[in-house]
Amino acid sequence: LAAPEVPGRGSTALNLFQWTWSSVAAECTSTIGPAGFAYVQVSPPQEHIQGTSWWTSYQPVSYRLESKLGTRAEFKNMVDTCRAAGVGIIADAVINHMTGADAGSGTGTGGSAFGVDYFPGLYDGSSFNDCRSNISNYGDRYQVQNCRLVSLQDLRTGSNAVRDRIAGYLNDLLSLGVAGFRMDASKHIPAADLEAIKSRLTNPNVFWVHEVIGSAGEPIQPSEYLGSGDSHEFQYARNLKGYMDGSIAGIRGITNGLLPSDRAGVFVDNHDTERDGHGTMNYQWGQKYLLGNVFMLAYPYGWPTVYSGYKFTDRDAGVPGSTATRVPDASCSNTAVWTCMQRKPEIKGMVKFRNAVTGTAVTNWWDDGSNHIAFGRGAKGYVTINNSASAVTRTYQTSLPAGEYTDLVSATGTRYTVDSSGRFSATVPQYGALALAVGSSTPVDPGEPGTN
Ligand code: AAO
């Protein structure tokens, strides 16, 4: 069930939060495909309530593919364009609920009418669970799976009629060529219901990654959901923040007690955690944030997703310039708005690194007991991460074959010579990193200047 490896491209994903379908398509061709990403996760594509907040995307009105991010035709063009660039689309599937009961009634982004218990031609009162109040206690399994998440009308996923509707939606996306799904709010749907829905798909083996926010002491845990997909491992992101904020010398302990590597989706942050203080880093951490991404991409644990959104000013506000029915196209030349992580030399270099070292284990671990670590990936690659405020010069012991390597991280084209004993010397800048890999480090790859 793990995220399928694309031959020669690994399986690394990029989450383009609130990017329109047209802008994702253009970015697949210009950057994402050439950088070596295997997947792009996009925001929910179904019709939703109108409004300028980003989270309108998470209030479905119907399963028509008419959203603030684009039309059905634009979605289809994105899937085709990305596939031609070697990149699969992972759609964010919001199937736990429809609109908020507190949102009342209105018209969705595709023109469909909606209201409480009212989704004409799709759902009615019989389609929703009997608990009509909001979840207040995450310690109560019944509440979490039958009551309303922040007032969102909770679909009766135990019923065959509802399962058929949901499967119909996912099958429509599969027919357009979608490669996988991020399953929103899986904690709020019994695992058996999700398995029953998945069995109705035209491809019941399609890749799913569940959003189940693991939390000590809660009755519902990510491991319950592994029967129908992988699960995002939120604790990885929280641990990563802890190490980056303190000392990274012990960062190999990051996976202690977590899901098995081949079942865990990992990320430095996502669209919720970056803005909610859910214990992760976000782009505002600057260089440390990039170093966190470097570590995630260098270290062999889990299925990594690089996150790329917009520079938010408050929790709820959508992309600047959004209207009730449309989000402006993303543009990486508009650096005041878009973070464009996928264009940072550190990220592009490390995606290449990860693809180059696939299948190798950690070797030659070294740390200074504080904030400088270095390790190899077999005889294929070697990385050093300096999470301190001073540059460090030293000689590193690798298992790399002797030769000349170009640093993949800095985009300066700096070359290093590994001697016949596998050693090389380097100066790693403050809050900097350096990565060498057989193949992708040679010949010289200076990156794309001026794109970060
Ligand atoms: C909006 C308005 C609401 C209004 C509603 C309906 O904000 O005021 O009532 O519309 O009109 C997004 C936004 C919501 C938005 C919603 C619909 O975030 O603000 O509501 O769209 O437009 C729980 C769920 C998890 C969910 C998360 C936000 O379990 O599935 O809440 N994430 C997904 C999406 C998210 C989206 C939805 C689901 C809905 O990624 O963007 O909402 O489709 C604990 C629990 C978690 C729980 C969190 C937050 O987590 O364990 O299960 O997540 O609390 O309540 C530490 C702890 C950890 C804790 C965490 C956060 O890490 O260890 O246990 O802190 O406190």
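Figure 1. A pocket is an open set of points on a 1 Å grid over the protein atoms alone, where a 1.4 Å probe fits, with protein on both sides within 12 Å along at least five of seven lines; lining residues have an atom within 4 Å of a point. The model is predicted: local features need pLDDT of at least 70, side-chain atom pairs count only at pLDDT 80 or more, and totals for chains, interfaces and linings use all residues. Residues are numbered from 1 along each chain as its sequence is written, and side-chain values use heavy atoms, without hydrogens and water.

Figure 2. A polar contact here is a pair of N or O atoms within 3.5 Å. Ligand oxygen atoms lie 2.6 Å from a side-chain N or O atom of His188, 2.8 Å from a polar backbone atom of Val150 and 3.0 Å from a side-chain N or O atom of His97. Taken alone, the ligand exposes 1,100 Å², of which the protein buries 77% (Shrake-Rupley method, 1.4 Å probe).

**Figure 3. The second largest pocket.** This pocket holds about 330 Å³ of space. Among its 20 lining residues, Glu5, Ser11, Gly302, Pro304 and Arg354 are the closest to its centre. Strand β12 (303-308) and helix α9 (345-356) each give two or more residues to the lining; these elements are DSSP runs, with helices (H or I) of at least four residues and strands (E) of at least two.

How values were computed
Polar contact = N/O pair within 3.5 Å; in protein donor to acceptor, adjacent residues only side chain to side chain. Points joined across faces, edges and corners; volume = space filled by probe spheres on them.
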